[in-house]
Amino acid sequence: EAVIASLDDYVLRPEDMPNQYKIEEDGEQHLTNLRVINTVGEVEGKRYIAATDRLDGWSLLLARVNKEELFPYAIYSEVEVFETPEGAQTAFSPDWYPAYSVEEGADSPTFIEDGCDFGDACIMYLYEKLDPATELTTLRYEIAFVYKNLIGKVMGRGLDFDMDPDYIVDTAELLFEKIDSAPMAE
């Protein structure tokens with residue numbers, strides 16, 4: 001099965017964005033299987049890797065340069081690679097994909113019907129958080145898609161008046177196009 005040669009080339013970088021963003025300090029991460037295990041715990045991490053044949057991943061967090069712009073203040077993109085398309089589909093399933101299984105006491109996402117339609121499958125969802133002290137609402141839109149043996153994810157976070165769901169869809173489509181045009185390594 002083909003794998004993208006340099007994963008770091010396929011996350012969204014400042015030059016890919018229609019507005020000015022910079023890479024957040026410590027915002028670029030190689031998402032190795034060991035990092036997955038360290039993040040979710042050894043038992044759960046190893047179960048996930050075994051069930052999905054996960055190979056590798058990469059993420060990049062971008063921060064808006066101009067505070068006065070009405071765009072998300074943070075854009076996060078991530079690419080995960082699996083040995084097979086079936087492995088990626090398994091990782092994207094309600095059994096494994098985190099948005100579907102919400103821990104007790106945690107915020108649950110609102111799924112947006114027909115929010116996106118690219119890749120082999122695509123979901124879009126939203127988290128809303130009201131800060132009672134400032135009465136400001138922060139929105140976090142996330143789009144995840146599976147395409148061949150990959151999962152791509154884009155998250156945009158900002159105050160409600162900075163957030164346009166279409167901007168997040170367009171950004172996720174940029175990530176999909178980068179992945180779709182990726183030269184594959186054997």
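## Stop 1: a salt bridge across the chain

Select D16 and K178. Their side chains form a salt bridge, with N and O 2.6 Å apart. This is a predicted model, so keep that in mind at every stop. The bridge links distant parts of the chain: D16 belongs to the loop between β1 and β2, K178 to helix α4, and 162 residues separate them. D16 counts as partly exposed, at 24% relative accessibility. K178 is buried, with a relative accessible area of 18%.

## Stop 2

How many salt bridges does the model hold in total? The count is eight.

For another of them, select R13 and E28. These side chains meet at 2.4 Å, N to O. R13 sits in the loop between β1 (3-4) and β2 (21-30), while E28 is in strand β2. The two are 15 residues apart, and the pair links distant parts of the chain. R13 counts as buried at 15% relative accessibility. E28, at 32%, counts as partly exposed.

## Stop 3: helix α2

Now select residues 42-52, which make up helix α2. Begin with the charged pair. The side chains of R47 and E44 meet in a salt bridge of 2.9 Å, N to O. R47 and E44 are three residues apart in α2, so about one helical turn separates them. An α-helix has 3.6 residues a turn, so residues three or four places apart point the same way. R47 is partly exposed at 47% relative accessibility. E44 is partly exposed too, at 35%.

Colour G45, Y48, I49 and T52 next. These are the buried residues of α2. Look down the helix axis: the buried residues fall within an arc of 95°, so they line one face of the helix. What covers them? The cover includes α1 (33-40), β3 (54-64), β4 (74-82) and α3 (85-91). Turn to the face directed away from the buried side. There you find the exposed residues V43 and A50.

Step just past the end of α2 to D53. Its phi is positive, at about 55°.

## Stop 4

Select K153, in strand β8. Is this lysine buried or exposed? K153 is buried, with a relative accessible area of 18%; the cut-off for buried is under 20%.

Show what K153 touches, leaving out residues up to four places away in sequence. The contacts are Y76, S77, E78, Y97, Y125, E142, I143, A144 and L175. Salt bridges that share partners join R140, E142 and K153 into one network.

## Stop 5: aromatic pairs on α4

Switch to the rings. The structure holds 12 aromatic pairs. Select F145 and F176 as one of them. The ring centres are 5.6 Å apart and the planes meet at 85°, so the pair is edge-to-face. F145 lies in strand β7 (residues 136-147) and F176 in helix α4, so the pair ties together parts that are 31 residues apart in sequence. Both F145 and F176 are buried.

Y147 is in strand β7 and F176 in helix α4, 29 residues apart. Both of these residues are buried.

## Stop 6: the aromatic cluster

Which residues form one aromatic cluster? Select F92, Y97, Y100, F111, Y125 and Y127 to see the cluster.

## Stop 7: a nonpolar surface patch

Finish on the outside. Show the surface and select L70, L136 and F161. These residues form a nonpolar patch, with about 310 Å² of accessible area together. Zoom in on F161. F161 is found in the loop between β8 (150-159) and α4 (165-180). F161 is exposed, with a relative accessible area of 52%; the cut-off for exposed is over 50%.

Methods:
Residues are numbered from 1 along each chain as its sequence is written. This is a predicted model: local features need pLDDT of at least 70, side-chain atom pairs count only at pLDDT 80 or more; totals for chains, interfaces and linings use all residues. Side-chain values use heavy atoms; hydrogens and water are left out. Buried means under 20% relative accessible area, exposed over 50%, partly exposed in between (1.4 Å probe, protein chains only). Helices (H or I, at least four residues) and strands (E, at least two) are DSSP runs, numbered from the N terminus. The arc is that of the directions from the helix axis to the C-beta atoms. Contact means heavy atoms within 4.5 Å. Patches are made of residues with over 30% relative accessible area and no salt bridge: like charges are joined within 9 Å, nonpolar side chains (Val, Leu, Ile, Met, Phe, Trp, Tyr) within 5 Å. Accessible areas come from the Shrake-Rupley method with a 1.4 Å probe; for residues, only the protein chains shown count as cover. A salt bridge is a side-chain nitrogen of Lys or Arg within 4 Å of a carboxyl oxygen of Asp or Glu. Rings of Phe, Tyr and Trp (its six-membered ring) pair if their centres lie within 6.5 Å; planes under 30 degrees apart count as stacked, over 60 as edge-to-face and the rest as tilted.
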